[in-house]
Structures are given as C-alpha cells and as structure tokens.
Amino acid sequence: MQNNKFTNFLIIAKQLNQRNITPLLMGSVGLEVVTGKNWNAQDLDIHVPGDKRGWKVPPEQAVFDWEEIINSMLSLGYSLVDLHEHEFEKDGLAVGFGIMDSYQPLPGYL
C-alpha cells in the first residue's frame, strides 16, 4: 500500500527527531499503517509531548517545544494556518499537532 501521507509523516518525524522531539502518528493514517486498509485519511494527526492540561493553557504553551515545531514545519514548506488547533498546511495536506500527554487512561486499562 502506497501512502503519501505516511511518507510525509516520516519526513516530518525525521525533522523533529533532529530537534530531539519524538512524534507519535495518530488518526486515520496511523490506522492505515497498522491495518493495511484505506481509511480515507484527510490529514495527518501527530501528537507530541505537551502540557497535561491540554486546552486549559494558551495554545502557544500547550505543546512543548512549540517554536521548534514551527521552525521545523516552516523549513519543510508548511504554513501555520490555525494556532489554536496547532495546524499547518502544505499543498492541500493539513497536519495537526496534538498533545500526547493530555489523554486520560481508560479505567481498568492501566
């Protein structure tokens, strides 16, 4: 299965890794990689370390190393289109950054 969105994730991940940021692929593209099925992914959902309070803090403080992420994405030709959603765009591909630390574990699973 050829997945150009996953290829874009790998390019972004490499750039972030060079800045000591470890991204986690989420959403439909992640499901496509794991299941081998087409989930008709519309965008890339990437989670990175951030403030556990999530939306309760200002968006520019919610994601750790936010300036490094902005610089990485700009260097790859992406434009910041929505600060509150931490979303970038390039050639019709939307890439959103979420906070991996803001999810609460489901009771009984940890």
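Helices (H or I, at least four residues) and strands (E, at least two) are DSSP runs, numbered from the N terminus. The views below show a predicted model, in which local features need pLDDT of at least 70, side-chain atom pairs count only at pLDDT 80 or more, and totals for chains, interfaces and linings use all residues. Residues are numbered from 1 along each chain as its sequence is written, and side-chain values use heavy atoms, with hydrogens and water left out.

View 1. Helix 2 covers residues 27-35, and its buried residues are Val-29, Gly-30 and Glu-32 (buried means under 20% relative accessible area, exposed over 50%, partly exposed in between, with a 1.4 Å probe and protein chains only). These residues lie on the same side of helix 2 because they cover an arc of only 155 degrees around the axis (the arc is that of the directions from the helix axis to the C-beta atoms). They pack against helix 1, strand 1 (24-26) and strand 2. Just after helix 2, Gly-36 has a positive phi of about 75 degrees.

**View 2. The largest nonpolar core.** A nonpolar core is a set of buried Ala, Val, Leu, Ile, Met, Phe, Trp, Tyr and Cys residues joined through side-chain atoms within 4.5 Å. The largest one here has 25 residues, and Ile-12, Ile-69, Val-95 and Phe-97 have the most contacts inside it. At least two residues of this core come from each of helix 1 (4-17), strand 2 (43-48), helix 4 (66-75) and strand 5 (93-99). Leaving aside residues up to four places away in sequence, Ile-12 touches Leu-44, Ile-46, Met-73, Leu-76, Tyr-78, Val-95 and Phe-97 (contact means heavy atoms within 4.5 Å).

**View 3. The lining of the largest pocket.** A pocket is an open set of points on a 1 Å grid over the protein atoms alone, where a 1.4 Å probe fits, with protein on both sides within 12 Å along at least five of seven lines; lining residues have an atom within 4 Å of a point. Of the 20 lining residues, Trp-55, Glu-85, Phe-97, Gly-98 and Ile-99 lie nearest the centre of the largest pocket. Strand 2, helix 3 (59-62) and strand 5 each give two or more residues to this lining. Strand 5 gives the most, with six residues.

**View 4. Two loop residues with positive phi.** Most residues other than glycine have a negative phi. Asp-65, in the loop between helix 3 and helix 4, has a positive phi near 60 degrees. Asp-65 is partly exposed, at 44% relative accessible area. His-86 sits in the loop between strand 3 (79-82) and strand 4 (87-90), with a positive phi of about 55 degrees. His-86 counts as buried, at 3% relative accessibility.
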